[in-house]
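Here is a briefing on a protein model with a ligand.

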Amino acid sequence: MVDKKTEELIENFNREEVIADYRLAYQSRQASLIGRREVMSGKAKFGIFGDGKELPQIAMAKAFRKGDFRSGYYRDQTFMLAVGALTLSEFFAQLYAHADVEADPASAGRSMNAHFSTRSLNSDGSWKNLTETINSSPDVSPTGSQMPRLVGLGYASRLYRELDDLKSYTQFSQGGMEIAFGTIGNASTAEGMFWEAINAIGVLKAQVLLSIWDDCFGISVPSDHQLVKQNISSLIEGFRVEPGSENGFDIYTVLGWDYPALVKTYQEASESVRQKHLPAIIHVHELTQPQGHSTSGSHERYKSEQRLAWEAEFDCLVKFREWIIESKFAAAFDLDQIEDEERNQVEETRKEAWEDYISPILAERANLANIIAELEETSSHSEQLEKIRNKLLGLLTPFRRDSMSAARQALAILRNETLTSKDKLLEWKNLSESSNEERYSSHLYSQSSQSALIIEEVKSIYSSESPTIYGFEILNTCFDAALARDPRIIAFGEDVGRLGDVNQGFRGLQDKYGELRVSDTGIREVTIVGQAIGMAMRGLRPIAEIQYLDYLLYALQIMSDDLASLQWRTKGGAKAPVIIRTRGHRLEGIWHSGSPMAGIIHLVRGMHVLVPRNMVQASGFYNTLLLSDEPGLIIEVLNGYRLKEQLPDNIDELTVPLGVPEVIRKGQDITVVTYGACCRIVLEAAERLSQVGIDIEVIDVQSLLPFDIHYSINGSLKKTNRILFVDEDVPGGTTAYMLQEVLEKQDGYRWLDSSPRTLSGKPHRPAYGSDGDYWSKPNADQVFESVYEIMAEVDPVNYPNYLSS
Ligand SMILES: Cc1ncc(C[n+]2csc(CCOP(=O)(O)OP(=O)(O)O)c2C)c(N)n1
């Protein structure tokens with residue numbers, strides 16, 4: 001019996017569409033089952049699949065339009081298949097880690113399976129027309145980390161809608177109508193980032209439609225350990241928009257196995273988001289996970305018999321099938337046939353994907369085996385070589401590393417022999433090395449014509465008219481010029497809007513450019529950066545401010561996991577040219593003077609990290625990054641805002657090149673390498689040292705990532721033969737990084753006549769007050785003594801040791 005409500009719904013559904021949906025849902029389920037089997041049989045390393053979540057994703061796909069964006073997680077395979085942003089071949093290619101961008105366009109084999117993404121960039125790194133494509137931002141594994149960027153992806157629509165100067169950027173938006181679709185699992189809503197992001201989305205009125213896939217578990221942990229009241233719907237009730245208000249979310253709750261209700265809910269919700277420009281949340285509950293969380297374990301270990309029985313009954317595919325039959329869209333027999341066809345189809349595609357993956361690997365192995373066989377004919381170690389070759393050929397499913405390892409072992413065996421065909425082996429190895437370098441290590445930084453490394457230097461120009469003004473006024477002039485020349489530049493952060501930031505770099509610019517161009521944000525560092533990431537993925541040029549360097553730690557995870565890895569993890573498929581602005585070095589106390597630079601630079605490889613010593617240099621770095629298509633972090637020196645500098649006449653054009661240190665004092669005796677606020681301290685020490693006859697050369701690194709790309713510090717070392725690295729990071733922090741760069745990478749050790757030294761801060765955080773600072777961070781007295789000690793060792797007569805009796 002079909003009730004009246006269902007009868008009405010049936011009238012609203014097109015039979016062919018329903019059957020096509022069933023076909024797709026079933027196909028996706030088969031992909032999950034077969035995918036798991038591939039892992040269990042050892043052909044793939046790990047598998048995580050979207051089984052149990054098929055139906056709501058099909059409904060979501062119906063609401064998704066070209067130009068829209070997804071920011072989701074590993075369960076979304078059915079959605080990706082349904083919108084045509086993933087093919088079955090690509091699904092299997094990623095499972096096998098097929099390291100070819102044609103086979104796995106999401107990550108070229110760099111991400112584990114179910115990390116979805118579309119490619120926003122052409123192969124030369126330029127933007128595609130994102131309004132003509134289905135867009136998915138690239139997934140990351142940390143649960144909830146898709147949320148910060150969702151803020152910016154949705155907010156960009158509002159900016160494109162409300163800012164007239166952006167109307168011409170039709171490559172990125174058609175009038176700001178695009179929705180950013182988010183997805184998240186129920187357990188991940190327990191993450192702080194989730195709450196911070198939905199609050200920000202609500203405050204910003206970002207055009208977001210967020211789906212929560214609720215299967216009552218987070219791996220083995222049930223909802224009562226995850227959430228108060230076990231139910232995310234009741235917790236988010238406070239975000240619901242009141243009638244007549246324009247603040248908050250529309251919130252929907254729908255059963256995950258109820259096809260008609262899902263389709264209706266997604267249609268209603270998406271239309272409302274597009275028309276009313278308010279965000280919405282759809283809580284999809286009563287979902288299941290038929291194969292358990294991933295291939296790492298079985299869910300029978302933690303789900304009760306009762307739960308397992310319920311999951312079997314309420315599996316969305318089972319329910320969908322029942323509904324189709326009950327509604328007479330198809331008979332059981334027709335569906336059986338579809339299932340057979342899809343099962344075969346998926347299996348066929350899998351086989352092809354495997355062949356595509358394994359054939360070039362086998363060909364490379366065969367080639368190598370032939371080379372080794374040839375060497376066996378003339379080598380006096382033929383037995384050993386044969387052993388290596390047979391072992392390699394005996395592997396059923398070899399990896400590239402097996403061939404490489406065999407080649408290396410063979411070369412070592414042949415080390416004392418001069419055989420002509422040895423060259424072939426070396427050539428094979430070198431070729432393989434370079435193609436694997438490209439396969440796994442390209443695109444950490446931009447490889448486009450807008451790479452920050454190839455932006456030409458434009459030196460500062462001064463004239464008799466150039467005024468001398470405060471550091472903050474220099475920055476203010478730079479930002480004013482930037483906002484005037486490029487409407488895509490949007491600045492925001494805590495106190496950036498009305499106040500113009502706590503040090504007034506943006507003073508008066510909100511009045512001049514409006515509240516959307518220069519704006520205040522809540523205190524929410526992770527989503528300030530996330531907001532910038534999402535906006536930049538949609539063609540905007542955000543300058544996101546983190547008020548103090550010490551608070552960057554809140555955002556460091558998302559900078560590391562999402563922003564810095566973006567180009568690399570998509571092998572050049574996506575970019576987010578975000579500028580993060582912050583200030584640090586030398587104020588007072590534990591949380592207002594930090595310089596945890598090594599922690600930062602080691603976690604954000606893939607970004608540029610710049611530490612200008614004054615505001616003219618900072619302006620030059622801003623201009624360079626704004627001309628490039630890469631993300632960067634600029635750390636301004638806190639005590640530089642109130643120091644006076646001369647304003648260059650070309651403040652809007654000057655650029656400082658990345659990775660080029662500057663000699664800020666010439667000298668003969670010792671090279672002292674430093675950066676940021678320590679430059680002034682070292683210069684002060686230099687004056688005192690010159691009074692005792694020691695002449696130091698002071699080098700300001702200015703750019704930690706990249707570091708001295710022309711090896712100029714080595715040039716200085718050749719002259720002085722002695723070196724000291726100074727900064728206010730912890731011992732073994734950035735001083736150790738700089739030391740390694742110069743002594744190992746630049747071969748600087750060759751020129752040393754004294755042992756290299758580092759002078760850093762103490763291992764603890766800086767204590768408060770002037771005395772706390774003096775005994776926590778390096779000061780001019782210590783620099784003096786460190787340099788003097790080196791000289792005392794070299795020439796004790798002229799530099800007697802006055803520090804010990
Ligand atoms: C930050 C972080 N912590 C832990 C994990 C390990 N982990 C992966 S998935 C998962 C459970 C997520 O559950 P839920 O959000 O409900 O999504 P589901 O897998 O059930 O769809 C956990 C704990 C992770 N990936 N990231």
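Leaving aside neighbours within four places in sequence, M597 is in contact (heavy atoms within 4.5 Å) with L549, V609, V611, I635, Y675, L704, D729 and T734. This is a predicted model: local features need pLDDT of at least 70, side-chain atom pairs count only at pLDDT 80 or more, and totals for chains, interfaces and linings use all residues. Residues are numbered from 1 along each chain as its sequence is written, and side-chain values use heavy atoms, with hydrogens and water left out.

- The largest nonpolar core has 86 residues, and M559, I580 and M597 touch the most other members.
- A nonpolar core is a set of buried Ala, Val, Leu, Ile, Met, Phe, Trp, Tyr and Cys residues joined through side-chain atoms within 4.5 Å.
- A second, separate core has 68 residues, including F92, I179, W213 and W257.

**Ligand site**

- The ligand is surrounded by 17 residues (a heavy atom within 4 Å).
- Y73, Y74, R75, A187 and S188 are the closest.
- The shell splits into 6 nonpolar, 8 polar and 3 charged residues. Here Ala, Val, Leu, Ile, Met, Phe, Trp, Tyr, Cys and Pro count as nonpolar, Asp, Glu, Lys and Arg as charged, and the others, Gly among them, as polar.
- Polar side-chain atoms of Y73 and Y74 each lie 2.7 Å from an oxygen atom of the ligand.
- In the side chain of N186, an N or O atom is 3.1 Å from a ligand oxygen atom.
- Taken alone, the ligand exposes 580 Å², and the protein buries 71% of that (Shrake-Rupley method, 1.4 Å probe).

**Cysteines**

- The structure holds 0 disulfides (pairs of cysteine sulfur atoms within 2.5 Å).
- For C216, the nearest cysteine sulfur is that of C316, 14 Å away.
- C216 is partly exposed, at 29% relative accessibility. Buried means under 20% relative accessible area, exposed over 50%, and partly exposed in between (1.4 Å probe, protein chains only).
- C678 is buried, with a relative accessible area of 2%.

Note on methods:
A polar contact is a pair of N or O atoms within 3.5 Å; within protein, one must be able to donate a hydrogen and the other to accept it, and residues adjacent in sequence count only if both atoms are side-chain atoms.
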